[in-house]
Amino acid sequence: MPLALYCPATARVRGGQLLYSRCPMQDFYAIVHKDEHSAFGVSFPDLPGCFSSADRVEDIVPNAREALALWFDDTQEVVPSRLDQVEASVADELASGTVFI
């Protein structure tokens, strides 16, 4: 389940729900890291410097979406990689127990 990103500048939101956006939805894969006695860390292989953290499992996705929106406020559009490309680029991390979202 990749995280979806909409264009904040053109989106219309009411009551926390996205009503519409004039640009196409893009999906970015995230890697969730968790070490013992630490918060969850989330990074985006396609987006250098874009990361988030969460103390609780239920905060992983909302915090990651916020990080995406903030990252794209200051960055030009990026074309997401295909799943197989992302898997190949983070194979060692996946082998050590990280997960995709």
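**Core and ring pairs in a predicted chain**

Modeller: In this predicted model, 30% of the chain's 101 residues count as buried.

Biologist: And the surface, what does it come to?

Modeller: The accessible surface of the chain is about 6600 Å², and carbon and sulfur atoms hold 52% of that.

Biologist: How many helices and strands?

Modeller: Three helices and eight strands.

Biologist: What pattern do they follow along the sequence?

Modeller: The order is β-β-β-β-β-β-β-α-α-α-β.

Biologist: What share of the contacts comes from residues 24 or more positions apart?

Modeller: Among contacts in the chain with a separation of 6 or more, such residues account for 42%.

Biologist: On to the core. Which residues in the largest nonpolar core touch the most other members?

Modeller: Phe44 and Leu47, in a core of 17 residues.

Biologist: Which elements give two or more residues to this core?

Modeller: Strand β6 (40-43) and helix α1 (60-73) do. The most comes from α1, which gives six residues. As a general point, nonpolar side chains in soluble globular proteins tend to be buried together.

Biologist: Now aromatics. How many pairs are there in the whole structure?

Modeller: The search finds two aromatic pairs. One is phenylalanine 28 with phenylalanine 72, a tilted pair with 5.5 Å centre to centre and 45 degrees between the planes.

Biologist: Where do phenylalanine 28 and phenylalanine 72 lie?

Modeller: Phenylalanine 28 is in strand β4 (residues 26-28) and phenylalanine 72 is in helix α1, so their pair ties together parts that are 44 residues apart in sequence.

Biologist: Are phenylalanine 28 and phenylalanine 72 buried or exposed?

Modeller: Both phenylalanine 28 and phenylalanine 72 are buried. For phenylalanine 72 the relative accessible area is 14%, and buried means under 20%, so phenylalanine 72 qualifies.

Biologist: And tryptophan 71, what does it do with phenylalanine 72?

Modeller: Tryptophan 71 and phenylalanine 72 form an edge-to-face pair, 5.0 Å centre to centre, with 75 degrees between the planes.

Biologist: Does tryptophan 71 count as buried or exposed?

Modeller: Tryptophan 71 counts as buried, at 15% relative accessibility.

Biologist: Which residues do the ring pairs link into a cluster?

Modeller: Phe28, Trp71 and Phe72.

Technical notes. Residues numbered from 1 in each chain as written. Predicted model: local features only at pLDDT ≥ 70, side-chain atom pairs only at ≥ 80, totals over all residues. Heavy atoms only, no water. Helix = DSSP H or I, 4+ residues; strand = E, 2+ residues; numbered from the N terminus. Buried < 20%, exposed > 50% of the residue type's maximum accessible area, 1.4 Å probe, protein only. Contact = heavy atoms within 4.5 Å. Areas by Shrake-Rupley, 256 points an atom, 1.4 Å probe, with all protein chains shown as cover. Core = buried A, V, L, I, M, F, W, Y, C linked by side-chain atoms within 4.5 Å. Phe/Tyr/Trp six-rings, centres within 6.5 Å; stacked < 30°, edge-to-face > 60°.
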